[in-house]
Amino acid sequence: MILETKNLEFSYPDGTKAVDDISITIPQGKKVSFVGKNGSGKSTLFLLLNGTLKPKKGKVLFGGKEVDYSSSGLRELRKKVGIVFQNSDDQLFAPTVYQDIAFGPLNLGYSKEEIDRVVNQMLDHFGLQALKDKPPHHLSGGQKKRVAIAGVLAMDPDIIILDEPLSNLDPVGADEILDILNELNDLGKTIIISTHDVDLAYKWSDYVLLLSSGKLVNEGTSGYVFSNDEEVRNSALKSPFILDVYRELEKRWLATGNAQPKDIPELVQLLHSVDLMRVDISPEVAVGECVNLGVLFGDYTKEGLYEAVNSRVLFKSDDGTAVVELKRRVLKPGAIHVYNMDEFDKAEFDKIVDEYDINFIGAMGKKSKDIAENNGIDVVCNSGVIDKSILNAITGSRCLILTSSGMVSHTAKRIREYIQNSGIRLIFSPVGKGALDINEENTQDQTDGLIEVE
């Protein structure tokens, strides 16, 4: 656990208790959401976590050690725990974008050469080079947010805390910020956000903490926290939309039961009627367990060439047979390829599009989108790119995702998880000379027992 609080309390001068006896532990390297309505204590808690506020009672620990509130102690803490405020104007104050990003490294005592190297690295990474000499208050909301995150990241913190990171952003701008956060997390950073957007918290988070009136109501995986409807309602929040849709489909027998889909591909995968079959089973197999029936042909392949089948035992008979619910997966996918735009080469790119017969291109991240636009690439998707590529590949499309090197592995992880959970072996590979190699052993572990269709 990288960050902890023990019996933390804080009240403002007017007597308002904003944080009331909160004890939490933040796991390292995870994506964590603090969820609650406005006034639930999220922002105050964040200011306590990075030492901006000092608790009236209890303590904050970083790396197992209690926070030192001396000037040198706070300086060291803020180097490790960076915070991005909800309103970027509260954070951006320098005359130019370059100077704003340079402020943190300058105060940490970096040399002029090192500051220039770090700042230019941030400008490139966040697609801000063209804006480096502009005053921050002349930028759009999304651009300001990227500058604020770049300024924090320039100090190379272990933890990045963001208060309502998607507030006042349009859908494309919000997707770009999420791409950045996913990439940073994939590079090992612990990302903590506050939000009252339950759909964001449910889909994005590894771990969720539910707050109400300054108290910790519940914590755990997003599926666990949002499965308690009463606690969510009592916290003046609502259930995630995709979970509500799934529950309504389940009531009508249009989706399989006991699931918690987080995104559209997962929901679509659950949209089939219950399919029962009587099979022979071993005596040791219990009701509720899954049995692998291998590959079925003939009458069981109305939707495709052949299927991999894993089935759950619903009822056992004394004659050694059982009724099972078939988990049939038709294997007739298209393909998803990923291209690293950090190594963009127009001739190579055109060859890839032609060689792989690409008919669906999506771009993730501001830098990738700018390169695509400047080179006349026909991008048909610039938000929800991974989900939409999966959905198109399932129906036979040949998709190409354009992104930066840091997001290649994140994209591979998401697609592998879908392969594992759905049973559909999508054809997937990074392409181009800048592609990240996929570890063959890990790929085999993720897709063991599945059949690949070329």
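A residue is called partly exposed when its relative accessible area falls between the buried limit, under 20%, and the exposed limit, over 50%. In this predicted model, glutamate 114 therefore counts as partly exposed, at 30% relative accessibility, and arginine 117 is partly exposed too, with a relative accessible area of 46%. The two side chains meet in a salt bridge, 2.7 Å from N to O. Both residues lie in helix H4 (residues 112–125), three residues apart, or about one turn of the helix.

Aspartate 350 is partly exposed at 37% relative accessibility, and lysine 346 is partly exposed at 34%. Elsewhere, salt bridges with shared partners connect Glu9, Lys17, Asp20 and Lys215 in one network.

A further salt bridge joins aspartate 199 to lysine 238 (3.7 Å, N to O). This pair links distant parts of the chain, 39 residues apart: aspartate 199 sits in helix H7 (residues 198–204), and lysine 238 in the loop between helix H9 (229–234) and helix H10 (241–251). In total, the count comes to 21 salt bridges.

Twelve of its 16 residues are buried, so H6 is largely enclosed by the rest of the structure. Aspartate 170 caps the N-terminal end of H6, with a side-chain oxygen 3.2 Å from the backbone nitrogen of valine 172. After H6 comes glycine 188, whose phi is positive, near 110 degrees.

Notes:
Residues numbered from 1 in each chain as written. Predicted model: local features only at pLDDT ≥ 70, side-chain atom pairs only at ≥ 80, totals over all residues. Heavy atoms only, no water. Buried < 20%, exposed > 50% of the residue type's maximum accessible area, 1.4 Å probe, protein only. Helix = DSSP H or I, 4+ residues; strand = E, 2+ residues; numbered from the N terminus. Polar contact = N/O pair within 3.5 Å; in protein donor to acceptor, adjacent residues only side chain to side chain. Salt bridge = Lys/Arg side-chain N within 4 Å of Asp/Glu carboxyl O.
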